[in-house]
Amino acid sequence: MDPVSHGTTGITGCGPCSGAEKVRNIGGSEQAAVLFPDVVVPDGGERTLYLDYTVYGTRSFHVSVNGGPPTVVTVTDIGNTTPRTTSLPVTLNPGANTIEISNDTESAPELDRISLG
């Protein structure tokens, strides 16, 4: 699943992160988002979406699936270099789906990667 970054988001180094990089500057405006436009599953239904992230303090991701209303996922940690994992249930359609990670009003955590379970 290759992401498409928008707005002020960008890639920064993160030794312990997957691929040694993470996406920073997510949030603060509608344009500062990461879109995964082609999340393909053979069968529709509920899945667990895992978000690997780093954060200093308390921040929230807004996760939208297929253009639906976002689910707010709030996380807290005291380090911005140690990846952590949180999860949420999502309902996916058979075939291609889109997942957008954003926060229209505040800075979100930095995103390492997403995966499905």
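With 60 degrees about the S-S bond, the C14 and C17 link is right-handed. Here a disulfide is a pair of cysteine sulfur atoms within 2.5 Å, and the S to S distance between C14 and C17 is 2.1 Å. The count by that rule is 1 disulfide. Both C14 and C17 are buried, where buried means under 20% relative accessible area, exposed means over 50%, and partly exposed is in between (1.4 Å probe, protein chains only).

A word on the ground rules: this is a predicted model, so local features need pLDDT of at least 70 and side-chain atom pairs count only at pLDDT 80 or more, while totals for chains, interfaces and linings use all residues. Residues are numbered from 1 along each chain as its sequence is written, and side-chain values use heavy atoms, with hydrogens and water left out.

On to the core. The largest nonpolar core holds 23 residues, and L51, F61, I99 and L111 have the most contacts inside it. A nonpolar core is a set of buried Ala, Val, Leu, Ile, Met, Phe, Trp, Tyr and Cys residues joined through side-chain atoms within 4.5 Å. At least two of its residues come from each of β4 (34-41), β5 (45-65), β6 (71-92), β7 (95-102) and β8. The largest share, 7 residues, is from β5. Strands (E, at least two residues) are DSSP runs, numbered from the N terminus.

L111 touches a list of residues that includes V23, I26, V34, F36, L51, F61 and I101, leaving aside residues up to four places away in sequence. Contact means heavy atoms within 4.5 Å.

What about E110? E110 sits in strand β8 (residues 110-116) and counts as buried because its relative accessibility is 15%. Its side chain makes a polar contact with the side chain of N80 at 3.3 Å. For that term, a pair of N or O atoms must lie within 3.5 Å; within protein, one must be able to donate a hydrogen and the other to accept it, and residues adjacent in sequence count only if both atoms are side-chain atoms. Among the residues that E110 touches, again not counting those up to four places away in sequence, are K22, R24, D52, Y53 and T54.

Technical notes. Helices (H or I, at least four residues) and strands (E, at least two) are DSSP runs, numbered from the N terminus.
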